[in-house]
Amino acid sequence: MIIELMDDDQGGNLMYKSSNSLRNITFAAIFAAIDYILAMFQIHIPSPIGRPFIDLGYTFVVIGTLFLGYKYGLISGIIGLVLFDLLNGYAAHTYLTVMEVVIIASVGWLMFKTMHFSPKISKIILIGIATGLSKIIAGFLRYVIEGLIIGMQGKKLIAMAALSMPASIVTGIAMFVTVPLFFNFLNKVMKIVIPTN
């Protein structure tokens, strides 16, 4: 057996985890590549601060965290989206991408852990909603930080950050659906590809 399927108290699978570091790194690299590829499909939205776009890469930050565990999921998300930023003209904002990935992966992992790592679709939907909301909040924090860097303050800063939110809002709302959808699909694929007995 390549990867162990951990079980919760009701006998459902938790996540795919290997005791082999090379396998974990390989899966993290695959998820990082998926993060990068999904970030390439952009819908830009005009904004007074930054250059925001709708980004499905964050969906796979969450999926990677649920499948690989916090450490490897977080690392794969950071690598995939930071590489995208570095290679596509967003290098000056990579630290903000790291902040968003840390927030979103942490929320997803804490929710998954609180739910005893259950793969039940109802619980994964709740994780999708929580991580989508965390993306919206992280997006707002991102625009506040960007506004502070360019010298905005007070009400103008908050107003401009709020006006920059549509891309983060759409990305967050999309995660309500895409996280459970992709999780459910990949969970079925992993059971076929990596049999448990």
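1. How far apart are the end C-alpha atoms of α1, and what should its 20 residues span? At 1.5 Å a residue (the expected span is 1.5 Å times one less than the number of residues), the 20 residues of α1 should span 28 Å. The end C-alpha atoms of α1 are 29 Å apart, which agrees.

2. Basis of the note. This is a predicted model, in which local features need pLDDT of at least 70 and side-chain atom pairs count only at pLDDT 80 or more, while totals for chains, interfaces and linings use all residues. Residues are numbered from 1 along each chain as its sequence is written, and side-chain values use heavy atoms, with hydrogens and water left out.

3. Overall layout. The chain has seven helices and four strands. Helices (H or I, at least four residues) and strands (E, at least two) are DSSP runs, numbered from the N terminus. Along the sequence the pattern reads β-β-α-β-β-α-α-α-α-α-α.

4. Burial and surface. The chain has 197 residues, and 48% of them count as buried. Buried means under 20% relative accessible area, exposed over 50%, and partly exposed in between (1.4 Å probe, protein chains only). The accessible surface comes to about 9700 Å². Carbon and sulfur atoms hold 72% of that surface. Areas come from the Shrake-Rupley method with a 1.4 Å probe; for residues, only the protein chains shown count as cover.

5. Contact range. Take the contacts (heavy atoms within 4.5 Å) between residues at least 6 apart in sequence: 70% of them join residues at least 24 apart.

6. Helix α1. Its buried residues are N24, F27, A28, F31, A32, D35, L38 and A39. They cover an arc of only 145 degrees around the axis, so they sit on the same side of α1. The arc is that of the directions from the helix axis to the C-beta atoms. As background, an α-helix has 3.6 residues a turn, so residues three or four places apart point the same way.

7. Y36 in α1. Helix α1 covers residues 21-40 and includes Y36. Y36 is partly exposed, at 22% relative accessible area. Beyond its neighbours within four places in sequence, Y36 is in contact with G80, L83, F84, L87 and N88. Y36 and L83 are 47 residues apart in sequence, yet 7.2 Å apart in space, C-alpha to C-alpha.

8. Helix α3. The 18 residues of α3 (residues 70-87) should span 26 Å, and the end C-alpha atoms are 26 Å apart, which agrees. The buried residues in α3 include Y72, L74, L81, V82 and F84. G89 follows α3 and has a positive phi, near 85 degrees.

9. Salt bridges. The count is two. A salt bridge is a side-chain nitrogen of Lys or Arg within 4 Å of a carboxyl oxygen of Asp or Glu. One joins the side chains of E100 and K135 at 2.5 Å, N to O. This pair links distant parts of the chain: E100 is in helix α4 (residues 94-114), K135 is in helix α5, and they are 35 residues apart. E100 and K135 are both buried.

10. E100 lies in helix α4 and R142 in helix α5, so the pair ties together parts 42 residues apart in sequence. E100 is buried, at 1% relative accessible area. R142 counts as buried, at 11%. Salt bridges with shared partners join E100, K135 and R142 into one network.

11. Around R142. Helix α5 covers residues 121-149 and contains R142. The R142 side chain makes a polar contact with the side chain of T97, at 3.5 Å. A polar contact is a pair of N or O atoms within 3.5 Å; within protein, one must be able to donate a hydrogen and the other to accept it, and residues adjacent in sequence count only if both atoms are side-chain atoms. Not counting residues up to four places away in sequence, R142 touches Y58, H93, L96, T97, M99 and E100.
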